[in-house]
Amino acid sequence: MFTPLFTLSSSFSFSQTTSFEVSCSRKRDRDRERGSIHPYKVVEITPPPKCLGVRCFPPNLQSGESVTIEGQAYTISAVTHRYQLRKGKYEPSEKRLDVLSTGRYLVNLYLENLLEQS
């Protein structure tokens, strides 16, 4: 099974091994602002689900917030933090954002509201 391991570095690379590196900031900025930006796996959940890649965002994202990816506006539907048990301790293994296009998110809210009223 493919288990992504996120490490911050000064360059972006993707290799055929079981790990890849994502650069969220330059090394000198990272040293100054330790922990201010984190990599998230972003998945658009409209059927069929589509992976939008690994993107760097602030650590305090919540459902309902808007993010822009490649010029397209998305609304966060869910934030998932996965942990894996290693050597008797749980360690973070993946951060995932489930997103919907902003228009689709608003239509879903409207339809849920109609369903509750009926």
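The following paragraphs describe the fold, the surface and selected side-chain contacts of a predicted single-chain model.

Residues are numbered from 1 along each chain as its sequence is written.

The chain contains two helices and eight strands, where helices (H or I, at least four residues) and strands (E, at least two) are DSSP runs numbered from the N terminus. Along the sequence these elements are arranged in the order β-β-β-α-β-β-β-β-β-α. Of the 118 residues in the chain, 25% are buried; this class is defined by a relative accessible area under 20%, with exposed set at over 50% and partly exposed in between (1.4 Å probe, protein chains only). Contacts were defined by heavy atoms within 4.5 Å. Among contacts between residues at least 6 apart in sequence, 34% join residues at least 24 apart.

The accessible surface of the chain amounts to about 8300 Å², and carbon and sulfur atoms account for 53% of this area. A nonpolar surface patch is formed by Val107, Tyr110, Leu111 and Leu114, whose accessible area together is about 390 Å². Patches consist of residues with over 30% relative accessible area and no salt bridge, with like charges joined within 9 Å and nonpolar side chains (Val, Leu, Ile, Met, Phe, Trp, Tyr) within 5 Å.

One aromatic pair is present in the structure. It is formed by tyrosine 40 and phenylalanine 57, whose ring centres are 6.3 Å apart and whose planes meet at 55 degrees, so the pair is classed as tilted. Under the criterion applied, rings of Phe, Tyr and Trp (its six-membered ring) pair if their centres lie within 6.5 Å; planes under 30 degrees apart count as stacked, over 60 as edge-to-face and the rest as tilted. Tyrosine 40 is located in strand 4 and phenylalanine 57 in strand 5, so the pair links parts that are 17 residues apart in sequence. Lysine 95 is positioned over the face of tyrosine 40, at 5.9 Å from the ring centre. This assignment requires NZ of Lys or CZ of Arg within 6 Å of the ring centre and within 35 degrees of the ring normal. Proline 58, in the loop between strand 5 (50-57) and strand 6 (66-69), is 18 residues from tyrosine 40 in sequence and 9.5 Å from it in space, C-alpha to C-alpha. Proline 58 is partly exposed, with a relative accessible area of 37%.

Four salt bridges were counted, each requiring a side-chain nitrogen of Lys or Arg within 4 Å of a carboxyl oxygen of Asp or Glu. One of them joins arginine 55 to glutamate 70, with an N to O distance of 2.9 Å. Arginine 55 lies in strand 5 and glutamate 70 in the loop between strand 6 and strand 7, so this bridge ties together parts that are 15 residues apart in sequence. Arginine 55 is partly exposed at 23%, whereas glutamate 70 is exposed at 70%. Another salt bridge connects arginine 86 and glutamate 91 (3.2 Å, N to O); arginine 86 is partly exposed at 28% relative accessibility, as is glutamate 91 at 30%. Aspartate 98 and arginine 96 also form a salt bridge, with their closest N and O atoms 2.7 Å apart. Here aspartate 98 is buried at 13% relative accessibility, and arginine 96 is partly exposed at 23%.

Several backbone features occur in loops. A cis peptide bond joins proline 47 and proline 48, with omega at about -15 degrees; proline 48 is placed in the loop between strand 4 (38-44) and strand 5. Glutamate 70, in the loop between strand 6 and strand 7 (72-86), has a positive phi near 50 degrees although the residue is not glycine. A positive phi, near 55 degrees, is likewise found at lysine 87, in the loop between strand 7 and strand 8 (89-101). Lysine 87 is exposed, with a relative accessible area of 85%.

How values were computed. Predicted model: local features only at pLDDT ≥ 70, side-chain atom pairs only at ≥ 80, totals over all residues. Heavy atoms only, no water. Areas by Shrake-Rupley, 256 points an atom, 1.4 Å probe, with all protein chains shown as cover.
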